[in-house]
Amino acid sequence: MKKWILTVSVPMLALFLAACGDESTEDGSSTASENEEPFTIGVIPAQTEGEMQTAMDKLQALLSEELDREVEIEVYPDYNGVVESMNYDQIDMAYLGPLTYVIAEANSNAQAIITQLVDGEPFYNAYVITHTDNPVTSLDELLENPGEVQFAFGDPNSTSGSLIPSIELQDRGVYESEQENQFETVRFTGSHDATALAVQNKQVDAGAIDSAIYNQLLESGKIDGDQLKIVWESEPLFQYPWAVLESTDDETVAKLRETFLAIEDPEILDAFGATGFTEADNADYESIKQAAIKQGIIEE
């Protein structure tokens, strides 16, 4: 097989490399944004529904335009993957649950900058739901015979799908861990909609879920409200944050906030069960941080 060798003189090569490395606009200014690395964003799998990708494509295009640089958004298969990617500086920004956020803040000084509004408020709750065929009307009644209850959490790193309800169940003396508890069975479904469907289909007797996602699933018809009921809800929790690395420059943070605050596209908002966005900071997640410390998830 012949090998073809291209011979280029040193002066010609120098001119070629200079031309490639110094691309300019008509007015002589450098197009630095074209040479920047993409701004990467990781998103937790709040739902398993594939249509979320269409909204992410639209958000990616919007942020690319507003930041004047390429933006790449990836929906991760689990919560922990997003935290690990942020810890190792593999992504620049993340959409996290409050628990995964305080873990990222503890491990890599992540900074919350924005959160979503639901019906104009930046709060949601953890719910415990059961099937309407179940005669119980409260968590007290559900736990009268825990050995007969098959219970479902969502992702182990979910705030409303695991952390907050597990603390409630611990305080009631029926749960310490997946292996140590008084229930007939305990399982982790991996996502909120999977939990709702497991309860609806009577694969489990009760499950923990995010209130905003629960209501979104009802409104979209993905679950049947006639087959589900709420038997417990937590105190209000501050909504899921969008967080950046500590090293992110102030100009980028300001532009991200400005862009999110202006979003009105219903498809993007619906993907997060949101009616809009508002600013957030680390102090908004102090109660979640204290809960994570109590559970030994992070150190004080």
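Helices (H or I, at least four residues) and strands (E, at least two) are DSSP runs, numbered from the N terminus. This is a predicted model, in which local features need pLDDT of at least 70 and side-chain atom pairs count only at pLDDT 80 or more, while totals for chains, interfaces and linings use all residues. Residues are numbered from 1 along each chain as its sequence is written, and side-chain values use heavy atoms, with hydrogens and water left out.

**View 1. Ser 108 sits in helix α5 (residues 98-108).** Is Ser 108 buried or exposed? Ser 108 is buried, because its relative accessible area is 15% (buried means under 20%, exposed over 50%, partly exposed in between, with a 1.4 Å probe and protein chains only). Leaving out residues up to four places away in sequence, Ser 108 touches Met 86 and Asn 87 (contact means heavy atoms within 4.5 Å). The side chains of Ser 108 and Asn 87 also make a polar contact (3.3 Å); such a contact is a pair of N or O atoms within 3.5 Å, where within protein one must be able to donate a hydrogen and the other to accept it, and residues adjacent in sequence count only if both atoms are side-chain atoms.

**View 2. Six strands form an open sheet with mixed pairing.** Follow the order β2-β1-β3-β12-β4-β13, where two strands pair if DSSP finds at least two bridges between them. At the edges lie β2 (71-75) and β13 (276-279), each pairing on one side only. Strands β4 (residues 111-117) and β12 (residues 241-244) are antiparallel partners over four bridges, and Gln 111 stands opposite Val 244 in β12. Helix α10 (residues 250-261) lies across β1, β3, β4, β12 and β13, at about 5° to β4; axes are lines fitted to C-alpha atoms, for helices over the stretch in contact, and angles run from 0 to 180 degrees between N-to-C directions.

**View 3. Another open sheet has five strands, in the order β8-β7-β9-β6-β10.** Here β8 (185-188) and β10 (228-233) are the edge strands. Strand β6 (residues 126-131) runs antiparallel to β10, joined by five bridges. Which residue in β10 is the bridge partner of Tyr 127? That partner is Glu 233.

**View 4. Trp 242 and Phe 272 touch the most other members of the largest nonpolar core, which has 92 residues.** Such a core is a set of buried Ala, Val, Leu, Ile, Met, Phe, Trp, Tyr and Cys residues joined through side-chain atoms within 4.5 Å. Helix α3 (residues 52-67) gives the most to this core, with six residues.
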